[in-house]
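Please have the model open as you read.

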Amino acid sequence: MTQTGKNIRKIRNVKGLSQQTFAELFDLTRGNISSYEESRAEPKIEVIMKIANFFGIPLADFIEKDLSVNELLHYNTHLVIETEKLKITHQLTKVPFVPIPYIRDYIQNHTDSDFIQKLPVLIIPCGSKSGLIALELESPENLPSGFDYKNGNILVFEQVTKENIHRITNKLGMMIDAENLKFGIYGNENREVSLSLNEWVKYPFNIESGARYLVLRASFKQEE
């Protein structure tokens with residue numbers, strides 16, 4: 001059982017919203033909200049994502065934590081991505097999204113196209129339409145030094161291919177194999193590409209292997 005129903009009730013109380021008003025924000029009914037708050041039903045993941053994004057709450061916190069009033073007051077109450085404004089000036093792309101609770105399943109199934117298609121999606125401004133994946137960051141300490149990303153930030157990665165490999169040098173990268181996600185900076189010395197967490201830890205780079213290599217394309221942070 002998730003904490004979403006309790007958190008929806010607390011959000012409404014903090015923001016002074018009736019069940020009807022809250023429901024209309026997300027194309028739901030008052031009965032839907034009542035069912036969630038009384039634990040008679042669980043919202044679909046798409047609904048959970050919309051609510052968390054709207055109120056600027058990290059998805060894992062919204063699902064797993066019994067949030068306090070003080071915590072809710074400190075979250076940003078604007079959309080993380082203001083979709084309606086972006087429609088005017090940007091090309092929008094649907095990107096499969098891996099929230100923190102899904103990360104382990106994603107590692108095990110990252111080559112399974114059926115699994116990827118069933119993931120929730122984010123709609124973001126991005127020209128690329130293939131090989132993208134959005135990941136909710138769980139452990140910022142696993143990144144190379146020099147990045148100020150925090151737990152709950154969303155990183156959008158593009159798959160490294162022979163066509164884009166020439167523009168990945170010095171950018172944040174991610175390697176996925178059957179065991180884990182590994183982060184590092186791409187280097188290129190004597191036409192040999194490398195992915196390094198630091199000067200001591202380097203990962204093998206071979207796009208012909210079973211591992212998948214990606215490069216950071218965009219990031220979305222919670223406002224403080």
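The model is predicted, so local features need pLDDT of at least 70 and side-chain atom pairs count only at pLDDT 80 or more, while totals for chains, interfaces and linings use all residues. Residues are numbered from 1 along each chain as its sequence is written, and side-chain values use heavy atoms, with hydrogens and water left out.

**Aromatic rings**

A search of the whole structure finds nine aromatic pairs (rings of Phe, Tyr and Trp, its six-membered ring, with centres within 6.5 Å; planes under 30 degrees apart are stacked, over 60 edge-to-face, the rest tilted).

Phe26 sits in the loop between helix H2 (19–25) and helix H3 (30–37), and Phe54 in helix H4 (residues 45–54), so their pair ties together parts 28 residues apart in sequence. Phe26 is buried at 6% relative accessible area (buried is under 20%, exposed over 50%, partly exposed in between, with a 1.4 Å probe and protein chains only). Phe55 is also buried, at 4%, whereas Phe54 is partly exposed at 24%. Ring pairs join Phe22, Phe26, Phe54 and Phe55 into a cluster.

Terms used
Helix = DSSP H or I, 4+ residues; strand = E, 2+ residues; numbered from the N terminus.
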